[in-house]
Amino acid sequence: MSSIRQKPKFRKIYPNIFRVSLPLPGASPGPVNVYLFKGEKNVLLDTGPKQTVNLLEGALAEIGCPVSAVSSIILTHGHPDHYGGAYKLSQQSGAEVKAHEDDKRAVETGWDVPVAKIWKFLRVMGVPLHFRIASLVAGFLLNQMVDRCRISHTLCDGEKVSMGSYTGTVISTPGHSRGSICIYLEEEGVLFSGDHILEHISPNPIVMLDNFNSLPKRQSQIEFYSSIDRIKRLNPRMIYPGHGREITDLLPVIEKYRSRFEERQEEIYSIVSSRDCTAYEIAKQVFPNLSSIMFFLDIFLSVSEVFTHLQVLEKDKKVVFCFKNGRLFPRAI
Ligand SMILES: [Zn+2]
Ligand SMILES: [Zn+2]
């Protein structure tokens, strides 16, 4: 049976602000939201992957803002579903592309860190050789969603940016990625959260692999929750995320994240307490679907999630980090 997929359209969400949802492969995290801020200078917030640039172009034309009329593209973070189309769009429009310094490498090269670091991390986590290879292949496949794109301006925390007829403030919110940002329209109390705050799923604080020797130093979970506290203090009236619908009541969403975090901490602690195992072996228990060959990318994400939780347990002095043959073996204290 054939189905006719409707062309995505921009819909007005606020005076002079429009949203279009572009399709992504797979069920989660669901279509990516791209926002258009109309004004003397038109601004796009995120672009979706390169494969949907034609859909975005069509939607822009339909709303009376052809690509050539876009002056700048602001990226909430350096993940393929958010920046993959930036190169094509900037080529066609001459628009500046702006992102946080810490995600510049991801956008410009397609890799957040050199591939050798990802390989080393997976090895230390105990991922078997064939799955390490498969994970990297999955990373290369994911990069098919992007054209690498030069960043013309790096954004800093607190910087004021023109967002069409509004002025936005850049809020640095590391956690989901090193260079994740939110854009806050202070006078209006409206926040654009990228993947830092989502309503239908808990954002994944992904391991930060820069500058590490034996183990990554930066604590993604802790940084993520301090970024969440920062947004909580801003107390936005309305949040427009990178996927899914808008959020009017932030507190229950944060509560959901925290309870999921605590459940996972307990689960991982109880596995570590019961036997000697690597982060990969813990991940297999926490995410039983991991053995399926369909989920190579999930191997990295699952091991990343387990490790970032172990970092918190280690900081709380509930586990110590031991090594055997270059593999991490966390031990419960
Ligand atoms: Zn993301
Ligand atoms: Zn995303």
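Mentor: Start with strand E2 (residues 17–22), which pairs with E3 in the antiparallel sense over six bridges. Strands are DSSP runs of E, at least two residues, numbered from the N terminus, and two of them pair if DSSP finds at least two bridges between them. This is a predicted model, where local features need pLDDT of at least 70, side-chain atom pairs count only at pLDDT 80 or more, and totals for chains, interfaces and linings use all residues. Residues are numbered from 1 along each chain as its sequence is written.

Trainee: OK. What stands opposite Phe-37 in E3?

Mentor: Ile-17 does.

Trainee: And what does E3 form with E4?

Mentor: A hairpin, with four residues between the two strands. E3 and strand E4 (residues 42–45) pair in the antiparallel sense over three bridges, and Tyr-35 has Leu-45 as its bridge partner in E4.

Trainee: Why is E3 largely enclosed?

Mentor: Six of the six residues of strand E3 (residues 32–37) are buried, so the rest of the structure largely encloses it. Buried means that 20 or more other C-beta atoms, placed from the backbone, lie within 10 Å of the residue's own. Val-32, Val-34 and Leu-36 cover one side, with Asn-33, Tyr-35 and Phe-37 on the other.

Trainee: How do E9 and E10 pair?

Mentor: In the antiparallel sense, over four bridges. Ile-171 has Cys-182 in E10 as its bridge partner.

Notes:
Chains lettered and ligands numbered in written order. Buried ≥ 20, exposed ≤ 12 C-beta atoms within 10 Å, placed from the backbone.
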